[in-house]
Amino acid sequence: MRRVSDLLRTPAGRRLTLVAGPWDAREVGSVVLVDEMRELTTAAPGALAILSRHAMRSCDVLDALRLAGRGGLAGIVLPGPSGTTPEMVELARRERVALLAGASDHSLSDTVLGLSAAVRADPGLLLRRTREAIDGIGAMEGAGEEDILRAASASVGVAYVVAGLAGPGANATVIRVGGRPDGYVCWEGEDPAAAIVAQVVATTLGRVRAAAREAEAARERALLALLGAKDTRIAARRARHEGVPVDGWHVAVFLRDPGGDAPPGAADPVLREARGIAAALPGALGLGGTAELSAPPLVTRWQDGVLVLLTADERTTIDLPPAQRSSAQRSSALWPSVVGAGGSAAVGSAPGGTGAGLGTCQAGPDGLRRTAAQARAAAARAAAGEVVRFDRLGVHALLAELSGSESALVAARDMLAPLERLGALSAHALPTLKAYLDSWGSRTRAAELLSLHPNAVAHRIRRIAEALDADLSDPQTRFALQLACHVVLDYDCLPGTTTTISSS
């Protein structure tokens, strides 16, 4: 461990002069620049304090020696040459503080940097600082990333930050999660202790991130099990155990992905986009910030898109600004339309031509399932770049509910399955039947919608009725088939088209 006598032999220390006091009474643990005298009272024991001229204007040398002795400092450095008095010499000896004077032609910053480098290069101090920092990090089991970075920075005396990419020539060490790079711990300076501790910080952050992602994956699995469960009570108990806030008030946002699930191992741009902006959604939807939520937003793949679940302890309402209050507000991209509400800046366009639906605020496990189904049903009626709110669907709400219901979809497909046996006509049978029924059985109107001759429509409808063994003059039959057409086409086709997603 270096003492003042050792530092005076270094290049930076040769510009200093010992004025009074012992030069080896205390070990030097750090070097600090003091610009105000109150900073002298907060310096760590063993510090060598370099006083600026501004600091000396508010306190004389005797007061500085008393403060330094009270704090256990190794020494103080006065700005520029300084004389002595018997009182100074006696006080420095009694307080065991070395009193030094700096050179008038050397800047304070150069003195601080030079002496700091000399102190940090001492092997004994390096080992002690490194051990103390590592012990401090080890004692923070279960702490978050910010707390770990803050503690490590304070113990070593450098500012650690986390970055997605490390700049060329920067001091950085990689964070790994599951063996894969997941960011960097960066710092400035050439402190050997900082480099050693950075490795420990990166390893610790990797474990913290891995544990957090595993817990998040467990919550997502429990949420998906609850959404598809037949026995809600059992699934709700499991979800509570995994940390899903099932008992609060829920609002769901569903992002429909026309591209479907990403292949295994491939990037999932829709899921990544949703996770990136989930924290901004509560404020954009008028639900308050994330601080008002009872848990962080849950984001997971569900059915044909991505579900974002927002949960609060108290009932809330969605309050979009006037520009966003229409049931389907078109914008250049989906997420700027939602997140940009209230004048906030856009955060990027939604990938893949997506549309979104918003459910209503619902309570408890059953309410969670209900708002998720509503959001998905509303999203089924959203074109690319549109946000559709379930509570603004009006008379279309029932159809939207059916469109988002798996049981309704299965029943509708079973009802229309015989159309697949019509050979070349099978590809056009469903759009033809829908247009005919939507036109109240008018062949002329259906022909206009389909750009066909009325006789062609009549021929198709006759074959369709035969295949379905259905009496199209019966009101209940017409209603059931019309509903089935809408359910299947709303699920399988892009909004406003009759082109299936798989063939587009």
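**Exercise 1. The chain as a whole**

What percentage of the 504 residues in the chain is buried? State also how many helices and strands there are.

*Solution.* The model is predicted.
Step 1. A residue counts as buried when its relative accessible area is under 20%. Buried residues make up 45% of the chain.
Step 2. The chain contains 20 helices and 15 strands.

**Exercise 2. An open sheet**

Determine which strands stand at the edges of the five-stranded open sheet, and why one side of each is left without a neighbour.

*Solution.* Step 1. Write down the strand order, which is β1-β5-β4-β3-β2, with mixed pairing.
Step 1. Read off the ends: β1 (17–20) and β2 (30–34) each have a single partner strand, so one side of each lacks a neighbour in the sheet.
Step 2. Consider the angle between neighbouring strands: on average they are turned by 30° against each other, direction ignored.
Step 3. Examine one pairing. Strands β2 and β3 (residues 47–51) run parallel and are joined by five bridges; Val-31 stands opposite Leu-48 in β3.

**Exercise 3. The largest nonpolar core**

Identify the elements that give two or more residues to the largest nonpolar core.

*Solution.* Step 1. This core has 26 residues, and Leu-416, Leu-419, Leu-433, Tyr-436 and Ile-464 touch the most other members.
Step 1. The contributing elements are α16 (406–416), α17 (426–438), α18 (443–450), α19 (454–468) and α20 (475–492).
Step 2. Leaving aside residues up to four places away in sequence, Leu-419 touches Ser-426, Ala-429, Leu-430, Ile-464 and Leu-468.
Step 3. Another core, of 25 residues, lies apart from the largest one; Met-37 and Leu-65 are among its members.

**Exercise 4. Aromatic pairs**

Classify the two aromatic pairs that a search of the whole structure finds.

*Solution.* Step 1. Planes over 60 degrees apart count as edge-to-face.
Step 1. Tyr-160 and Trp-187 have 65° between their planes and 6.1 Å between their centres, an edge-to-face pair.
Step 2. Phe-254 and Trp-302 have planes at 85° and centres 5.8 Å apart, so this pair is edge-to-face.
Step 3. Phe-254 in β9 (residues 249–256) and Trp-302 in β10 (residues 298–302) are 48 residues apart.
Step 4. Phe-254 is buried at 0% relative accessibility, and Trp-302 is buried at 11%.

Definitions and conventions. Residues numbered from 1 in each chain as written. Predicted model: local features only at pLDDT ≥ 70, side-chain atom pairs only at ≥ 80, totals over all residues. Heavy atoms only, no water. Helix = DSSP H or I, 4+ residues; strand = E, 2+ residues; numbered from the N terminus. Buried < 20%, exposed > 50% of the residue type's maximum accessible area, 1.4 Å probe, protein only. Pairing = 2+ DSSP bridges. Axes fitted to C-alpha atoms, helices over the stretch in contact; angles between N-to-C directions. Core = buried A, V, L, I, M, F, W, Y, C linked by side-chain atoms within 4.5 Å. Contact = heavy atoms within 4.5 Å. Phe/Tyr/Trp six-rings, centres within 6.5 Å; stacked < 30°, edge-to-face > 60°.
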